[in-house]
Amino acid sequence: MKAVSIKEPGGPEVLEWIDVDDPKPAAGEVVIDVAASALNRADVMQRWGLYPLPPGTSPYPGLEVSGRISAVGEGVTGWQVGDPVCALLTGGGYAQKVAVPAGQLLTIPDGIDLVEAAGLPEVTATVWSNIVMTAQLRAGETLLVHGGAGGVGTMAIQIAKALGARVVTTVGGPEKAARATELGADVAIDHRTQDFTEHGPYDVILDVVGGDYLERNIRSLAADGRLVVIGLQKGLEGRLDLADIVFKRISVYGTTLRTRSKEQKAAIVAEVQDQVWPLIENGTVELVTDRTLPMSEAAEAHRLMEEGGHIGKILLVN
């Protein structure tokens, strides 16, 4: 088979479409013939050498795929060869085939085609696990989503609205603000000209930015507020005012899906299948896709992601 390999840490040009060995399913795994994968910010960090891989992880990037099962490992029940699926991965999605634990498989939602479904597992699992399972967002509360025009942001806006929350989001420019509002955001803030702290307080903040956003996030949280940091686009360090945390009883969480155990991922995937898939099937939540490119053009897809002009997911198609 072919897969996208990272020749060495660096820019998009280090991605190569090369021949590699076919994966074989271990016990409890299936192999998927990949129809499509999707870009995530973690793929870019991995390409730069800034995202250490968990032990045993495929060296090829790609945290989600869609396709059909082509092989079933020992002990797998409920799935068979030929089943259309999408899946949350620890890596290896930029390829023609990938092995994945059966607990990380999802059905294809009604009304979603096989290629489009590649963009669902990572964003739905990220959003649900963080704003619901971790931050316990409730109806009537206010959520601030940083990066509301990205894959995670567009999904977070919609799921939070479905839960009955008020949603504020930061975006970069009027086109992205308009799209975020269309998706249900009550307020869309252009971070280049406006200060999001002026629109608080917030009960929950989902932060994909990191760095110097930390201090302002903490300052703009309400009493008993919850900050969930899932990205580090602006760096690894930020100032923390412990007085704000103590006197406002603030909780700060740092999370990532990739390093969780198979059991933890399976629990998240099960909740997504049960709670989010019905919202997609009844039209309450939609996957926002910016564009699709051939898998062999992963370098161009990475360049587009780093330019930052996209809205929603960028898909890679076999």
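Analyst: Let us begin with a cut-off: a residue is called buried under 20% relative accessible area, exposed over 50%, and partly exposed in between. Please keep in mind that this is a predicted model.

User: What makes Asp195 count as buried, exposed or partly exposed?

Analyst: The relative accessibility of Asp195 is 26%, and the class in between runs from the 20% limit for buried to the 50% limit for exposed, so Asp195 counts as partly exposed. Arg216 is judged in the same way: at 22% relative accessibility, Arg216 counts as partly exposed.

User: How do you know that Asp195 and Arg216 meet in a salt bridge?

Analyst: The test asks for a side-chain nitrogen of Lys or Arg within 4 Å of a carboxyl oxygen of Asp or Glu. For the side chains of Asp195 and Arg216 the N to O distance is 3.7 Å, which is within the 4 Å limit, and therefore the pair is called a salt bridge. This pair links distant parts of the chain, with Asp195 in the loop between E10 and strand E11 (202-207) and Arg216 in helix H5 (residues 213-220), 21 residues apart.

User: Why is the pair of Phe196 and Tyr213 called by the name it has?

Analyst: The ring centres of Phe196 and Tyr213 are 5.5 Å apart, within the 6.5 Å that a pair requires. Their planes stand at 40°, and because planes under 30 degrees apart would be stacked and planes over 60 would be edge-to-face, this pair is tilted. Phe196 lies in the loop between E10 and E11 and Tyr213 in helix H5, so the pair ties together parts that are 17 residues apart in sequence. Both Phe196 and Tyr213 are buried, and a search of the whole structure finds 1 aromatic pair.

User: What lies over the face of Tyr213?

Analyst: Arg216, the residue that also meets Asp195 in a salt bridge, lies over the face of Tyr213, at 4.9 Å from the ring centre. Elsewhere, the charged end of Arg258 sits over the ring of Tyr51, 5.0 Å from its centre.

User: How many salt bridges does a search of the whole structure find, and what makes the pair of Arg47 and Glu306 one of them?

Analyst: The search finds 16 salt bridges. In the pair of Arg47 and Glu306, the closest N and O atoms are 2.6 Å apart, which is within the 4 Å limit, so the pair qualifies. Arg47 belongs to helix H1 (residues 41-47) and Glu306 to helix H8 (residues 298-307), 259 residues apart. Arg47 has 0% relative accessibility and so counts as buried, whereas Glu306, at 34%, counts as partly exposed.

User: Why is Asp190 called buried, and what is Arg192 called?

Analyst: Asp190 has a relative accessible area of 12%, which is under the 20% limit, so Asp190 is buried. Arg192, at 56% relative accessibility, is over the 50% limit and therefore counts as exposed. Their side chains meet in a salt bridge (3.3 Å, N to O).

User: What makes strand E10 (187-190) and strand E13 (251-254) edge strands?

Analyst: The open sheet has 6 strands in the order E10-E9-E8-E11-E12-E13, with parallel pairing. Strand E10 and strand E13 each have a single partner strand, so one side of each is left without a neighbour in the sheet.

Methods. Residues are numbered from 1 along each chain as its sequence is written. This is a predicted model: local features need pLDDT of at least 70, side-chain atom pairs count only at pLDDT 80 or more; totals for chains, interfaces and linings use all residues. Side-chain values use heavy atoms; hydrogens and water are left out. Two strands pair if DSSP finds at least two bridges between them. Helices (H or I, at least four residues) and strands (E, at least two) are DSSP runs, numbered from the N terminus. Buried means under 20% relative accessible area, exposed over 50%, partly exposed in between (1.4 Å probe, protein chains only). Rings of Phe, Tyr and Trp (its six-membered ring) pair if their centres lie within 6.5 Å; planes under 30 degrees apart count as stacked, over 60 as edge-to-face and the rest as tilted. A charge sits over a ring if NZ of Lys or CZ of Arg is within 6 Å of the ring centre and within 35 degrees of the ring normal.
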